[in-house]
Amino acid sequence: MPQLSSLLDRFQPSAIAQIFSHATRLRETGKELWSFSTGEPDFDTPDHIRAAAKRAIDEGDTHYTPTDGRSALKEAVQGKFQRDNDLDYSVEQIVIGMGAKPLLTNAIQAVVDQGDEVILTTPCWPSHVGMTMMAGGQPIRIETGSETGFKMSPEMLEAVITSRTRLVLLCSPSNPTGAVYSAQELEGLAAVFRKHPQIWILTDDLYEHILFDDMSFATIAQVAPDLKDRVLTVNGVSKGYAMTGWRIGYAGGPDPWIRGIQKIFSQTNGGPCSISQAAATEALNGPQDFLRDWAQVYQSRRDLALSYLGDCPGLTCAPPAGAFYLLPNCSSLLGKTTPQGQTLQDSSQLADHLLNDWGIVVVPGAGFDCGPYFRISVATSEEVIKGGLERLVKACSSLS
Ligand code: PLP
């Protein structure tokens, strides 16, 4: 048989996708499930955005667009960066991708060479690691925990920088920890970046609009304008506007980085969907007030979930400041035995036990490059949170 490429050996498949397909198979057999694994809003895309897409179809807006997106959406992104982030990008400094995920992949490829070091904190969104490895980069993990609020300090960052460091990835609010860097904390990191001019900075701001307890959003190019020429600010409509299926992400950044991404796009994509671009333009230009209302809904679900987690023997959970995930620490449950007689060695075995014996779907820490944790998404109804987490309390109590 012909050989597959060595690229495939460089990275692991997504553990989240594996859990998802296992849970889907169980659901197909008729098993009742309480799912906390989804990584997308359970809201529908608002009507005014859908109407813009319908108009685009009716007006025959069904042809190729420029591979890095059309001007109308770039102008909407430009306005968004000014309005929400005090960031001035020219339209030429903006690219539109087919979702943030492929855009991030190409953005990393544009600056990372074989063997370059890419710094990120763990627990992290595993695709940041996978994308780095596909680009030939070497992920350098700064392990964080609840004691540092799942964030790196300037000292932690400085300690891992070497002459091979090419890129630092920031993600705030974070998937899966919900950690959010304040403007002051970002200023601390900026002071380190200033000392190392060979480093690019990529910030993944996808969860910008999902913030709790009056936390305000800050992004590195905004708090350190002198670094703007080294920062790619990546965002998208998926999480904030409940538009995961529309596949539109965008970025603003310095000319050489943007030109590099455009060059890759020119050979690898046919331009983001024209109808989705019409919808995303409306999302960014239209009313923004519902974003705050949705954040309130996520916050009350977070609080509800935390109240149940507080009753789960063996679990501790730091309240997240943003995004729609909670990341309980389950280290005290490891080594315990299930009613079926299995001794749980790690969070993956715990997640399997919760799924197979209790119908509760969570994503284990292995899915996020971390140890004794599992992720719960509250992008689901109160009913599921109550029913599922009541079972979780019982499941944890039944371990001996
Ligand atoms: N960035 C983070 C941190 C995410 O969690 C996700 C999706 O889960 C993405 C990017 C992907 O966004 P998109 O749906 O626009 O590709």
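**Exercise 1. Find the buried residues of H13 and work out how they are arranged around the helix.**

Step 1. Pick out the buried positions: in H13 they are Ile385, Gly388, Leu389, Leu392, Val393, Ala395 and Cys396. Buried means under 20% relative accessible area, exposed over 50%, and partly exposed in between, using a 1.4 Å probe and protein chains only.

Step 2. Look down the axis of H13: these buried residues fall within an arc of 160°, so they line one face of the helix. The arc is taken from the directions that run from the helix axis to the C-beta atoms.

Step 3. Turn to the other side of H13, where Glu383 and Lys394 are exposed.

Step 4. See what the buried residues pack against: strand S1 (34-35), helix H11 (289-309), helix H12 (347-358), strand S10 (360-361) and strand S12 (374-377). Contact means heavy atoms within 4.5 Å. Helices (H or I, at least four residues) and strands (E, at least two) are DSSP runs, numbered from the N terminus.

A word on the model: it is predicted, so local features need pLDDT of at least 70, side-chain atom pairs count only at pLDDT 80 or more, and totals for chains, interfaces and linings use all residues. Residues are numbered from 1 along each chain as its sequence is written, and side-chain values use heavy atoms, with hydrogens and water left out.

**Exercise 2. Describe how H2 packs on H10.**

Step 1. Start with the geometry: helix H2 (residues 47-58) and helix H10 (residues 274-285) pack at about 145°, their axes 8 Å apart. Axes are lines fitted to C-alpha atoms, for helices over the stretch in contact, and angles run from 0 to 180 degrees between N-to-C directions.

Step 2. List who touches whom: H2 brings His48, Ile49, Ala52, Ala53, Ala56 and Ile57, while H10 brings Ile275, Ala278, Ala279, Glu282 and Ala283.

Step 3. Sort them by class, which gives nine nonpolar, one polar and one charged residues. Here Ala, Val, Leu, Ile, Met, Phe, Trp, Tyr, Cys and Pro count as nonpolar, Asp, Glu, Lys and Arg as charged, and the others, Gly among them, as polar.

**Exercise 3. How many residues of H5 are buried, and what covers them?**

Step 1. Count along helix H5 (residues 126-134): seven of its nine residues are buried, so-called mostly covered.

Step 2. Name them: Pro126, Ser127, His128, Val129, Gly130, Met131 and Thr132.

Step 3. Check the cover, which includes H1, H4, strand S3 (117-122), strand S4 (138-143), strand S5 (165-171) and strand S6 (200-204).

**Exercise 4. Asp214 and Ala242 have positive phi without being glycines; is each buried or exposed?**

Step 1. Asp214, with phi of about 60°, sits in the loop between S6 and helix H8 (220-223). At 79% relative accessibility, Asp214 is exposed.

Step 2. Ala242, with phi of about 55°, is in the loop between strand S7 (231-236) and strand S8 (249-252). At 7% relative accessibility, Ala242 is buried.
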